[in-house]
Structures are given as structure tokens and as C-alpha cells.
Amino acid sequence: MENNNIAETNNGVKVSTTAKVLNIIAIVLSVILLPILVFNCILLVKGIVNEDEVPSFGGYTPLIVESPSMEDTIMTGDLIFIKKTDISELEVGDVITFYNPLGDGKSLVTHRIIEITENQGARYFLTQGDNNNIDDKDPIHEDDVLGVWTEKRVPLLGSIMLFMQKPLGMIICIFIPVACFVGCELAIKYRKDKATKKDVDALRAELEALKKEKENNDNQ
């Protein structure tokens, strides 16, 4: 009997600890992943609604870096923030984001200004990636400049957001927190059911003992 009681106690502690761990994991994942997932969804919706515009928030545009051309200043997979600025205030050394003149008109490049020229009242910016040996050759017209880098970046968050945009990423980021919450609830329910069964068994044993005691008294 003593060994059984100890085993039940150990099982109870084990379930309780498991429930707490699952609950903590679920909360941590929710705090980290849910805002990213919501932010990602907002960007996707904005991108669908306004296909010709890069999604922005209050003048700031979040961008995911997919090229090593600016390393080690900006790393591949970083999430960076660009803000709109007065073109006349841009200087040599600023890092700007612009529409790639050799692309499809929608792809963006973030490089550093190495030279500024003016022609017929318009400003042109010659750029180069910090990790590139040569400049970008084609000067960027001021109308093609999206904004200037705020020098703020979140390492690896861009890669995480890209992963979460994929079906597998969304499934994992939603399934894991939900699974932890469900596991926690099941563990708590199991412990309560076990405690209830133990109380019921004890009550039945007590009733049986009282019944036998009454029968003995009646026989006497």
C-alpha cells in the first residue's frame, strides 16, 4: 500500500510538472509567434489589396533581406525598416532602398549611396553594396527611391517571416502552440480525474467498512 501511494504521488507530480511545462511553452510560443503571424498576415493582405504599393506602417516599411550584398552591415535574413524621406536630404553614405532598374519594376534593392549627381533638376544616386567589389553601374533616379534605411534591423526575423508565409510554416506556428495548450488541458484533466477516482474509491471503501460494522453490530 505504501509503495502504491508513493507511485501515485510521483505520477501526480509528474503530470503536474508536465502540465506546467506545456503551459509555459504554449505561452512563450504564443507571445513570440502570434504577433509575427498577425504582422505577416497584415503585410500579405496589404500586398494583395494594393499590389502596386509596398506595404508600410506610419511611413515605415519592413523589408526582408534576401541577398548578402550588404553584409556585414545588413545580414541575409534580417528584417530591416525603411522610412520615406526628403530626397534632397539624402547624402553620400546613406543606405537607400530603391526599385531595381534591371528588375520587373517591383523588386527592391538596398544599397549604399557612393555618389550623387543632378541632371535637369533631378537627382541621381550611384549605389553599391557594402559586400560588392563594384558599383551598381546604373544611377538611380530619385523617383525610384523608396526610402532610407533607419539603421534598425532584427536579425533572422526576416527568415522566420518568410518561413511563416509558407503553408508548412503556418501549420507549424499554429499547430505547436495549440498542441501545447491541448496537452496542458489533457494533463490537468487526467490529474483531476485520477484524484476524483481516488476520492470515490476511498469513499466506497469507507461505506463498505461502515456497512460491515453495522452488520457485525446487528449480528451481535
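Is Arg123 buried or exposed in this structure? With a relative accessible area of 15%, Arg123 is buried, where buried denotes under 20% relative accessible area, exposed over 50%, and partly exposed the range in between (1.4 Å probe, protein chains only). The structure is a predicted model, in which local features need pLDDT of at least 70 and side-chain atom pairs count only at pLDDT 80 or more, whereas totals for chains, interfaces and linings use all residues. Residues are numbered from 1 along each chain as its sequence is written, and side-chain values use heavy atoms, with hydrogens and water left out.

The secondary structure of the protein consists of three helices and seven strands; helices (H or I, at least four residues) and strands (E, at least two) are DSSP runs, numbered from the N terminus. From the N terminus on, the elements follow the order α-β-β-β-β-β-β-β-α-α. Of the 220 residues of the protein, 26% count as buried. Among contacts (heavy atoms within 4.5 Å) with a separation of 6 or more, 55% involve residues 24 or more positions apart.

The seven strands form an open sheet with antiparallel pairing and the order 1-2-7-3-4-5-6. Its edges are strand 1 (60–64) and strand 6 (140–141), each of which pairs on one side only. Two strands are taken to pair if DSSP finds at least two bridges between them. Strand 2 (residues 79–83) is joined to strand 7 in the antiparallel sense over four bridges, and Ile82 stands opposite Trp149 in strand 7. Strand 3 also runs antiparallel to strand 7, with three bridges between them; here Thr97 stands opposite Gly147. Strand 4 (residues 108–119) and strand 5 (residues 122–128) pair in the antiparallel sense over seven bridges.

The bridge partner of Glu118 in strand 5 is Arg123. The side chain of Arg123 places a polar atom 2.7 Å from the backbone oxygen of Ile87, and a polar atom of this side chain lies 3.4 Å from the backbone oxygen of Leu90. Such polar contacts are pairs of N or O atoms within 3.5 Å; within protein, one atom must be able to donate a hydrogen and the other to accept it, and residues adjacent in sequence count only if both atoms are side-chain atoms. Not counting residues up to four places away in sequence, Arg123 touches Ile87, Ser88, Glu89, Leu90, Ile116, Thr117, Glu118, Ile140, His141 and Glu142.

In soluble globular proteins, nonpolar side chains tend to be buried together.

Val154 is found in strand 7 and counts as partly exposed, because its relative accessibility is 32%. Although Val154 and Asp78 are 76 residues apart in sequence, their C-alpha atoms are 5.6 Å apart in space. With neighbours within four places in sequence left aside, Val154 is in contact with Asp78, Leu79 and Phe81.

Several backbone features were also identified. A cis peptide bond, with omega of about 10°, joins Glu71 and Asp72; Asp72 is placed in the loop between strand 1 and strand 2. Gln120, in the loop between strand 4 and strand 5, has a positive phi of about 55° although it is not a glycine. Gln120 counts as exposed, because its relative accessibility is 80%. A positive phi, near 65°, is likewise found for Glu151, a residue other than glycine. Glu151 lies in strand 7 and is exposed, with a relative accessible area of 65%.
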